[in-house]
Amino acid sequence: MRSLIIKGGYVYDPLNGVNGEKTNIYVCDGKVVEEIEERDAKVIDASGMVVMPGGVDIHSHIAGSKINSGRMLRPEDHRKDVVKKTKVTRSGVGYSCPSTFVTGYRYAQMGYTSVFEPAMPPVSARHVHEEMADIPILDKAAYTLFGNNLFTLKYVKAGDIEMLKAFILWLLRTTKGYAVKIVNPGGVENWKWGKNVGGLDDLVYNYEVTPRQIITSLAKANEELGLPHTIHLHCNNLGVPGNYETTIETMETLKGIKPKPGRKTTVHVTHCQFNALDGDTWANVRSGASKIAKYVNGHEHVSIDIGQVIFTDTTTMTGDGPAQFRLWNLTGNKWVNKDVEMEAGAGIVPYTYKKENLANSIQWAIGLELALQIYDPWRVYLTTDHPNGGPFTFYPKVISWLMSRASRNETMLEINKSCMKRTTLVNDYREYTFNEIAIMTRAATAKAVDLKNKGHLAPGTDGDISVYDIDPLKWAPSKYRELEKAFMLAKYTIKGGDIVVKDGEILSTPQGSTYWINSAARNEDELVKDLEADFRDYYSINFRNYPVEETYLPRSYPIKLEAV
Amino acid sequence: MATYSDVICPFCGCLCDDIEITVENNKVVNTKNSCAISRSKFIKNDWGRIIFPTINGEPAPYEKAIEEAVKILSSARRPLVYGLSKTDNEAIREAIHLTELVGGVIDSTTTVCHGASIIAMQNTGVATTTLGEVKNRADLIVFWGSNPAEAHPRHFQRYSVTPKGKYTPNGRSGRYIVVVDVRETRSSKLADQFIRITPNSDFDVLQALRALVRGQKLSVGEVGGVQINILEELADRMKGAKVGCVFYGLGLNQSEGRHMNVDAMYSLVSELNHHTKFACNPMRGCFNVTGANMVTTWQTGYPFAVDFSRGYPRYNPGEYTAVDLLAREEVDAALIMGSDPASTFPLEAARHLSKIPVVTLERKETPTSMISKVVIPVATSGIETDGTAYRMDYVPLKLRKVVDPPQGVFSDAVVLRDIIERIKALEVDSI
């Protein structure tokens, strides 16, 4: 029996209404329990420290063909951040495209225990799972790309919501995916002809459907199926000045969708910062964050993650080929484009966010404005859209910006001056509390993907716990550097009841679980007949070789939907 | 008798996944849909197999051979692990782990193949696509320094020339095929247009094309032996294509200029995306050389030529590449798997290989196995074992086992794991 007591820490467990109370947490056989005898257990002294559920990252590109092409593209990125092997850990490289092992270690060192890969192209799903198997410690899941899939477009065009629902379940099961991801709906398909869409009512070539139809159909199907997460949406017009209008229009078009029972949201707009630009060109670009925040505050069907920008050299990579093409034209940096038959695509461009650059400064401010001006922390989550806004290893920095006006001030004084005029950041004195940070980094994200045993510490939940060496009673916003240090290297990270990190050092590397949706619709026979015909004609691999075998998931955690 | 359908052919980078295999008494007796090379690999799978380990040419029990391999690798100062491309990802993972444990250098056959393409990609990036996109949309195909008719026999039929796809209902007649090469080949004979260039002029021709695509006028009559009007016509054809794709081979990246040639090609193709949709794919040879690059990249950050001597991965082609290390006589032991460097490497490199203790994981006798101190027989990946392989366009496929390996013969992954377990038990002071 493996038992642990985390004793005397200030516990932040927002889902259970625990807000910094000094209390003990008991763990036995990998689960949180009511209480155990102290003599049977290993005791961790957490007095004067912050205790939270393990971090849950809802959107981070950690595995698959895209991040791996980024790794391959950028030896110069790796050379500045090398990681030696130890008795318990493998070697690797870090920075913006960390190797798989290092990805697991560094998340765990920050007290994170679950991470979601947000863009899995179905035909290379096997690759995503192979890499996830090589990411130690973390529990994982991947969102399957749906927004430009041949069959999605076909069933949306036909207005056949039942076939669309059957297809969603089939593809999630086949790719071992967890949620419906949509990237620039319609735009990525048009990019296969070198074109894009410019708004919600543009047409997709050869299908005569619009992004609006794709998004609403998928959202409707998603909610009717009762999937654990809403649609996870990367909006059209990413990175285009003035795109905040498209973003609000997108949110508005999903207002009428009926959410699944027990949920109020019908859409998660991801890395919202990239889709919150006001202005007409890069010359007069300004922040549209306040308008989006105002909309989100008034409409409870929307959640977002911020996609915070960090001033550093990073590697941008998205399933949005045309957006990356635009970025290549803007920067002249090296450019990778990858089109994926019948389903998806991707683009990669290295990028450096610079403080003196006005657009970058505005982007930095937008992420923080979104977080500060959306008042419900249950609907705005911390991400950098790793590695697009910056590497995930900068989360402690983002936390310090959110919790400390002084920390923001320090950066504000260094960035492009026009940023003051073109954003509202200077007006904002809000400072996040530890409780709100616990919400936006674990409780709310776990709830958003409906992992009931994550993100809180009620008896019966997974023993995923982080302990940070910072005393919330003695801390003040002026001491933001201590805060960054504490969140950078957790005092303890406990995963499934095992101590995986102590004093920022990795002690053990257990294999995490992979969550996926294992359900089938009643009309699946009809669906499969239709799929088989198109597979034969249009795919370059055979139908039978397409599904990802469960053996690729070293710890498989299938979830059956209740509604189906 | 048993029949297996949708089997994946573990020969070339095409990984055709529609092979039908008939097995009788644990022997492949017939194949359907396979090309001549594939058929020969399946049918002759059991020919001339090594079925027991040897030490110094003498038969030895498996345990003894593993022990000897452990001794060689753990006592070496700078061991080299080389090959990888003809085995599955599961084995490649173990090979990387082993190299890390002993602080060695790992390199794959990429180094003597499309390594130059990867270096070019790291300079400029690349616009690429999966093969199904080519089948469904492309109306212009350019083969440059590649000869799929002989090296990738079913590429034309399955992916690039004749297949009918979603927006290519007319198959062959809807596509214009150009072959650029220094000599006529079986592929060039099937093309709509053959452009013969002077050997080692690829870079010049590509740069000229790039200028023409940009709308510049060139004041020369010919480049690389090609009349300028022919290049002008090709540039216009490329810009005017609905969707185009270049498939290039070693003819481009092994001729003078090497990665700079590929750099010029990638730049041209990227440039073309200002006018239309264009992609460029290398024609990978060994069936899982792409997987070797992928696994090495996700575990270490680098695609080939990775040195672990400092305890963390370092990458520098030319310094940590197998040929160079051997030619400089820097390595003092080697583990070779899925490759035959003794016959394919330059003489100085091969000569050094014959002077150091070599452990070889092999299926059949090769010049490399003959100079090896330890030879451990292994199962045929993709015929006698399952496993994962990546097609030349990075599409991952699960290989299918159709027959059992000979008695007492294990997969590469199992043999490597056995070596790793024992080395771990030694607790070598290499951390």
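Okay, let's start inside chain B: ten residues of domain 1 of chain B are in contact with nine residues of domain 2 of chain B, where contact means that the C-beta atoms, placed from the backbone, lie within 7 Å. On the domain 1 side of chain B, the residues touching domain 2 are six nonpolar, three polar and one charged. For those classes, Ala, Val, Leu, Ile, Met, Phe, Trp, Tyr, Cys and Pro count as nonpolar, Asp, Glu, Lys and Arg as charged, and the others, Gly among them, as polar.

Before I go on, this is a predicted model, with pLDDT of at least 70 needed for local features and 80 or more for side-chain atom pairs to count, while totals for chains, interfaces and linings use all residues. Residues are numbered from 1 along each chain as its sequence is written, and chains are lettered from A and ligands numbered from 1 in the order in which they are written.

So where do the domains of chain B run? Domain 1 covers 50-113 + 287-426 and domain 2 covers 115-282, with bounds from an automatic or database domain assignment. Their centres, taken over C-alpha atoms, are 34 Å apart.

Next, the sheet in chain B. It's open, has nine strands in the order β5-β4-β20-β19-β18-β6-β7-β16-β17, and the pairing is mixed. Strands here are DSSP runs of E, at least two residues, and helices are runs of H or I, at least four, numbered from the N terminus; two strands pair if DSSP finds at least two bridges between them. At the edges sit β5 (58-59) and β17 (314-315) of chain B, each pairing on one side only. Further in, β4 (residues 54-55) and β20 (residues 374-377) of chain B run antiparallel, joined by two bridges, and I55(B) has V374(B) as its bridge partner.

Now, the two chains together. Chain B puts 52 residues into the contact and chain A puts in 48. On the chain B side, α5(B) gives the largest share, six residues. By class, that side of chain B has 21 nonpolar, 20 polar and eleven charged residues.

Last one, a helix pair in chain A. The axes of α9 (residues 244-253) and α10 (residues 289-298) of chain A come within 10 Å and cross at roughly 10°, so α9(A) is roughly parallel to α10(A). Axes are lines fitted to C-alpha atoms, for helices over the stretch in contact, with angles from 0 to 180 degrees between N-to-C directions; under 35 degrees counts as roughly parallel, over 145 as roughly antiparallel, 65 to 115 as roughly perpendicular, and the rest as oblique.

Conventions:
Contact = placed C-beta atoms within 7 Å.
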